[in-house]
Every structure is written in structure tokens, then in C-alpha cells.
Amino acid sequence: MTTEYVIDDRENHLFQVNREVFTSPEVYERERRRIFDRTWLYVGHESELPRRNDFRTRDVGGRSVIFNRDRTGRVRVQLNTCLHRGAALCRHTSGNAKIFTCFYHGWAYRNSGELVNVPANEDYAVSPVDVYKALPSPRTDSYRGFWFVNFSDEGPGLAEWLGTSTYLFDLVTDQSEEGIQVLEGSHQYTLEANWKLLVENSVDGYHAKSVHHTYFEMMLELGQTPPMLGDASTNGVPPAGLGTEFGNGNATLMYPGNGLPLANDHVRSSLAAMRERAVERFGESYATAVFNLARNSVYFPSFVMIDLNFGMILRTIHPLGPARTEVSSWHIAPRGLDEESLRYRVDNALTFWGPAGLATPDDVEALEQAQRGFGARREMAWSDISKGMGKKRPAANDELQMRAWWRQWNRSMTGRELPREVEEFVPFDRAGTRDGHQAESVLPRG
Ligand code: FES
Ligand SMILES: [Fe+2]
């Protein structure tokens, strides 16, 4: 089946993407309308708003939004734009406020969105408070503390949209009985490349050994097994890992993790204790899926969650133009970790994912090079994403997860549906069973 953007040739197991989609201003505009104006977009995690009236501002779907808890404690996502003439209601990135006052002419809003005060109100024939009343409120919903917004009132609700991919939030959240928290601070950086290249890269297991060889070499020199090399089979996930899709472009690659590189005995035993408590709550298999599988997951269109066991990040990918992208990244950790274990995870995350770490700058370089390469898109029009196509169970370093994402992208952009490739594979749900089998029966022995 061929469309203008994507070639999905099931017979020859060939999947290609037209390079025009990485450079064209028309495609970029169409993405705004057909994807970012109508899809569930990740905004933030409730642990970022511990108290009433706490707020964060961030850019989501081309809009500035206020992610906050109002005075009743309810979490909200509001447009950070004044009803008067559009200036920002809040210019801080975080804080605690019951009222947001626009700095331009001073219109003031309750943190639940109602317009409550207009300076020189008496000069209006009808008070703007009565004309405009409140900020419009986009659809918002959450799953286990992860909050999403949808700027359209049409289309499926969040639960239907996420489907069984909520499993991936469970695996992250269930690491501690107290759940997870987003740590203070974030990384923000831009790259001179199309946003979709970073989406691909975030779930690209193929590039790890070539692009990140500096990191691998460092780990090997320190006598550590790098986490992406896989080891024994875990919960039916083979050493080479696997890619799987959950519908609507949500997809993941997972592989057996390699424990905790560079961890000292204290860190190891404190994590082992955490795992032991998960075994008591959920059984051995689910605990293995939680603690011993590494995962790179993408939620269509632009939210990424990576859990490499030694650290976890959330990432949002925000297009600023056809060849310019802004990335925000937050480190998350199970609640209740002692300070040393927390420091271990933060150090790992900085070493690997930080803007000056051993992974991120190399990724950025690869993507910016690709973007420059698209200058020759007339002569070389198609990018290839066929790796592992036709396999019944594609590996983590195959490209099923990217194709799943691209098929949803194509569906959003053209309305044409391309059938999915494989049945989803979930290595044991919270009940510890799958397809009626006790999970333990397929665990590796010894
Ligand atoms: S633009 Fe906000 S008060 Fe005028
Ligand atoms: Fe990478």
C-alpha cells in the first residue's frame, strides 16, 4: 500500500518514509492541525504539583499552558493566554499562586480559570467579567498521575486512546508502593532537526552500539556490562529483547536489563529490598517485568518514557519548525529511595542522558546530520525503516516500534489506515498472569 508519505509494502517487507515530511513547511502546518490540535498530549506528572495552588508552565502542542492544582486541590491544564489580547497570564516556570494576573493590562484570573478582576472595569459598557467569564478549558485526563491534555473535544477519551499501553505506566509506577516522583529540575535543549527524527531515535535500538560506542567503551573499561547489551531471557522477553505495539502509535522496545552498572553494595541491596516488596505485592513475574526489563516507550505523537533500570526519564518533543525541535526531559524515580540510591540514579542519568552526557549530544549530532542529508531529498527521496519487518517477534534493535508510530502518523495526516504488524506482547500484567498461565512457569531458571 502506498501513500504520498509512507510506503508500507507488506509483501516485500519494505517500509519507507518520504524525506519531504522532515523538511516541508506544509507538512509541518498540517501536523499542527491534524496531530497536535487533536491528540492526547502529555503535560506533566502530579508529583510536580505537591500542594494546592502549585503551578508549572510549559509548552504543549504549540501552546503555552499552565499545569496547576487549584485551591480545591484539583489538577488542571489551562491555556496560558489572556482573554483580553493574548499576553501570558503567568511568566514563571513554577510557583504557587491563587490568582494569575496578566502583566499587560492586569486582568486577573482565579487559578481555576475564572476571570475575576479587570482594571478600570467601569469604562466598559458591559464588564468583560460577564462577557468572557473564564478561560476555555481543554479536555484533560490522567492515568496514575500522568496528566494529558487534548485541545479537541472530539475523538476517544484518554483511557481508550492509551489502551493496554497503560501497562508501561504501571511498570514504572509500581516500582515503589508510594509510586514515583518527578525530580526537581529538567533538561531543556534544542536541535536543528525535525521533531520526528528524535521520536524515531528515542525508540531506536539499532543505533546504540554505533552512536553510543563511547559510552559502551567507558562502561567496559570500568568492568561493567553496558545496560543495552541484554543478558538472560526475562519473562519470555529474549536476550535480544523485542519491539511491540499497543495501537494508536503507542509502542515500546524492551529487553532484559543488566542490573545496575557502577552501583555499590548499598545501592544494590536497597534496590533488591524494593524489588522484594514488589514480589510480595505482585508476585515474582510482574516484579521481574518491573525491575529487570529495560524499556524505551513512545506515546504518539511526542512523549517518551525510558526506563533503563539504572535511571528513568520522561521526554517531550516539541516541534518549533520543520527543522527545529525543543526537548524537555525530566528525571523520575521511585518514591522512598534513600539518598545514596537516588544520587546513584541521578548520576547515571546525567552521565547518559544529560545535555552534556555521553548519549544525548551524540544522538543530536546524528539527527542534525540526517537533517542536512535531506538537502538531497530530490535525488534520494526515501528513508528506510524496514528492519525486522516480517518477523513474528521483532527484536529490540529492529524497527517495529517506529513503523507502528509512523502508521499512526500517516493515519492522522491522511485518514488512511495501515494495519498493524504484530500482536502486542505484554510480559505479565499486575496480577502476575498472562493468557491464563502462571507467569512463573515461563521464567528462566537458575
Ligand atoms: S492582554 Fe492581558 S490584560 Fe491585556
Ligand atoms: Fe541514542
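This is a predicted model: local features need pLDDT of at least 70, side-chain atom pairs count only at pLDDT 80 or more; totals for chains, interfaces and linings use all residues.

Lysine 391 is partly exposed, with a relative accessible area of 41%. Its side chain meets that of aspartate 398 in a salt bridge, at 2.7 Å from N to O. Is aspartate 398 buried or exposed? Aspartate 398 counts as buried, because its relative accessibility is 1%.

Side chains of opposite charge can pair when their charged atoms come close. In this structure there are 21 salt bridges. Some of these share partners: Asp8, Arg10, Arg403, Arg407 and Glu421 are joined into one network in this way.

Let me turn to another pair. Arginine 277 and glutamate 177 form a salt bridge through their side chains, with an N to O distance of 3.0 Å. Where do these two residues lie? Arginine 277 belongs to helix H8, which covers residues 265–282.

Arginine 58 is located in strand S4, residues 54–60. What is the salt-bridge partner of arginine 58? The partner is glutamate 48, and the closest N and O atoms are 2.9 Å apart. Here, too, the pair links distant parts of the chain: glutamate 48 is in the loop between strand S3 (41–45) and S4, and the two residues are 10 residues apart. The side chains of arginine 58 and glutamate 48 also make a polar contact, again given as 2.9 Å.

Arginine 58 and glutamate 48 are both buried. For arginine 58 the relative accessible area is 13%, and the residue is classed as buried because that value falls under 20%. Which residues surround arginine 58, leaving aside those up to four places away in sequence? Arginine 58 touches Val43, Gly44, Glu48, Arg63, Ser64, Val65, Phe67 and Trp330.

Next, a hairpin. Strand S11 (residues 139–143) pairs with strand S12 (residues 146–150) in the antiparallel sense, over 5 bridges. One bridge brings together threonine 140 and, in S12, valine 149. Between the two strands of the hairpin there are 2 residues, and arginine 144 in the turn has a positive phi of about 50 degrees.

Alanine 120 has a phi near 55 degrees, a positive value in a residue other than glycine. Alanine 120 lies in the loop between strand S10 (115–117) and H2, and is partly exposed at a relative accessible area of 36%. Asparagine 309, also a residue other than glycine, has a positive phi near 70 degrees. This asparagine is in the loop between S18 and strand S19 (312–321). Asparagine 309 counts as buried, at 8% relative accessibility.

Which peptide bond is cis, with omega near 0 degrees? That description applies to the bond from phenylalanine 300 to proline 301. Proline 301 is placed in the loop between strand S17 (293–299) and strand S18 (303–307).

Val126, Val131 and Tyr132 make a nonpolar surface patch of about 280 Å². Of these residues, valine 131 is in helix H2, residues 128–132. Valine 131 counts as partly exposed, at 47% relative accessibility.

My last item is glycine 86. Glycine 86 lies in the loop between strand S6 (75–79) and strand S7 (94–96), and counts as partly exposed at 37% relative accessibility. How far is the C-alpha atom of glycine 86 from that of cysteine 102? The two C-alpha atoms are separated by 9.2 Å, and the residues are 16 residues apart along the chain.

Thank you for your attention.

Notes
Residues are numbered from 1 along each chain as its sequence is written. Chains are lettered from A and ligands numbered from 1 in the order in which they are written. Side-chain values use heavy atoms; hydrogens and water are left out. Helices (H or I, at least four residues) and strands (E, at least two) are DSSP runs, numbered from the N terminus. Buried means under 20% relative accessible area, exposed over 50%, partly exposed in between (1.4 Å probe, protein chains only). A polar contact is a pair of N or O atoms within 3.5 Å; within protein, one must be able to donate a hydrogen and the other to accept it, and residues adjacent in sequence count only if both atoms are side-chain atoms. Contact means heavy atoms within 4.5 Å. Patches are made of residues with over 30% relative accessible area and no salt bridge: like charges are joined within 9 Å, nonpolar side chains (Val, Leu, Ile, Met, Phe, Trp, Tyr) within 5 Å. Accessible areas come from the Shrake-Rupley method with a 1.4 Å probe; for residues, only the protein chains shown count as cover. A salt bridge is a side-chain nitrogen of Lys or Arg within 4 Å of a carboxyl oxygen of Asp or Glu. Two strands pair if DSSP finds at least two bridges between them.
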